[in-house]
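Hi,

Here is the structure I said I would pass on. Have a look, and my notes follow below it.

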Amino acid sequence: MPERGSSVNYQSMKKVFFLFLVLACSVVLGQSPSKRQTDPLVAALGDSFVSETAKVNGTTLHYTRGGTGPAVILIHGFPQDWYEFHKVMPHLAKNFSVIAVDLRGVGGSAATAGGYDTANLAKDIHDLVAHLKLKQVYIAGHDIGGMVTYAYVRLYPQETRGVTILDAPLPGIEPWNEIKSRHRDWHFAFHQTPNLPEKLIAGRQFLYFREGFFNRFMLDRKSVSDADVTHYASAYAAPEQLRAGLEFYRAFPVDEKFGEAQQSAIDVPIV
């Protein structure tokens, strides 16, 4: 300790120590939030799961990933996001590297002015696969995600181990014309109407999703809880997110042309 009369300025020492403390805290606080602030929905899946984003094909895709082994990509439908698969992801992760993606514009993925046709959405997924350096992926898609899965296997068959298409008609492929004209699927035409759906649904996402989709299409209405619907409503809460969900349907004419042009056999296992 300096002797009395030393030239050391204790006030200066205090200032230097305080500055050092501030800088040290800023380093710690600047680095740790991304590690500490884990999405509780992701954390509930298990220790191996993480939530990440990647810049691909002119947008930013959010995805949740966990497990090890051959890659399985899960693509949600409307009005859901990656969380649609939360009950099966921990089981798949025991044997596979499972990746559940938010389609562009939905949830944690960035919205864009265009690019919502299934071929371009499939390219989003393809570029994500390349970004993650995955090989021979298996793709499973539900509803809109099933349409994207079909476009993926058409465009990238050599890179696909197999696909599962769940509960999804395929635009441009019969019985598409019959399905899109059914009274039961009234939302096809409604969502394609310019501007109007946004104005009617905005602020009412929970009600619209609960009554218009889950209560109407689910055999067991309790299988999708109100908490689940609240989460999905938040994934489409912002104006650009809601518009993105509707743009999936507005791209159907483009998707129809894509489907009609596909005539060759697919040499990839399909369920």
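Let me start with a proline: P175 sits in the loop between β6 (160-166) and α7, where helices (H or I, at least four residues) and strands (E, at least two) are DSSP runs, numbered from the N terminus. The peptide bond leading from E174 into P175 is cis, with omega near 10°. There is another cis bond from F78 to P79, with omega near 10°, and P79 is in the loop between β3 (71-75) and α4 (89-92).

Before you dig in, some housekeeping. This is a predicted model, so local features need pLDDT of at least 70 and side-chain atom pairs count only at pLDDT 80 or more, while totals for chains, interfaces and linings use all residues. Residues are numbered from 1 along each chain as its sequence is written, and side-chain values use heavy atoms, with hydrogens and water left out.

On the overall picture, the protein has 13 helices and six strands. Of its 271 residues, 46% are buried (under 20% relative accessible area, with exposed meaning over 50% and partly exposed in between; 1.4 Å probe, protein chains only). Among contacts (heavy atoms within 4.5 Å) with a separation of 6 or more, 69% are between residues 24 or more positions apart.

Most residues other than glycine have a negative phi, and most peptide bonds are trans. K133, not a glycine, has a positive phi of about 60°; the residue lies in the loop between α5 and β5 (137-142) and counts as exposed at 69% relative accessibility. D143 also has a positive phi of about 60° without being a glycine. That one is in the loop between β5 and α6, and D143 is buried, with a relative accessible area of 16%.

Now the helix packing. Two packed helices are described by the angle between their axes and the distance between the axes. Here axes are lines fitted to C-alpha atoms, for helices over the stretch in contact, and angles run from 0 to 180 degrees between N-to-C directions.

How do α5 and α6 pack? Helix α5 (residues 118-131) and helix α6 (residues 144-155) meet at an angle of about 70°, with axes 8 Å apart. That makes α5 and α6 roughly perpendicular (65 to 115 degrees; under 35 is roughly parallel, over 145 roughly antiparallel, and the rest oblique). On the α5 side the contact uses T118, A119, L121, A122, I125, H126 and V129, and on the α6 side M147, V148, A151, Y152 and L155. By type, the residues in this contact of α5 with α6 are ten nonpolar, two polar and no charged (Ala, Val, Leu, Ile, Met, Phe, Trp, Tyr, Cys and Pro count as nonpolar, Asp, Glu, Lys and Arg as charged, and the others, Gly among them, as polar).

The axes of α10 and α11 come within 9 Å and cross at roughly 120°, which means α10 is oblique to α11. In that contact, Q205, F206, F209, R210 and F214 of α10 meet D226, V229, T230, Y232 and A233 of α11. This contact of α10 with α11 splits into six nonpolar, two polar and two charged residues. The buried residues of α10 (residues 205-217) are Q205, Y208, F209, R210, G212, F213, F214 and N215, and their cover includes α8 (187-192), α9 (196-201), α11 (226-235) and α12 (239-250).

Last, the charges. There are nine salt bridges, taking one as a side-chain nitrogen of Lys or Arg within 4 Å of a carboxyl oxygen of Asp or Glu. E256 pairs with K180, the closest N and O atoms being 3.0 Å apart. The two are 76 residues apart, with E256 in helix α13 (residues 252-260) and K180 in helix α7 (residues 176-180). E256 counts as buried at 16% relative accessibility, whereas K180 is partly exposed at 32%.

R250 and E198 also form a salt bridge (2.8 Å, N to O). R250 is in α12 and E198 in α9, so this pair ties together parts 52 residues apart in sequence. Salt bridges with shared partners link E198, R243, E247 and R250 into one network.

Cheers
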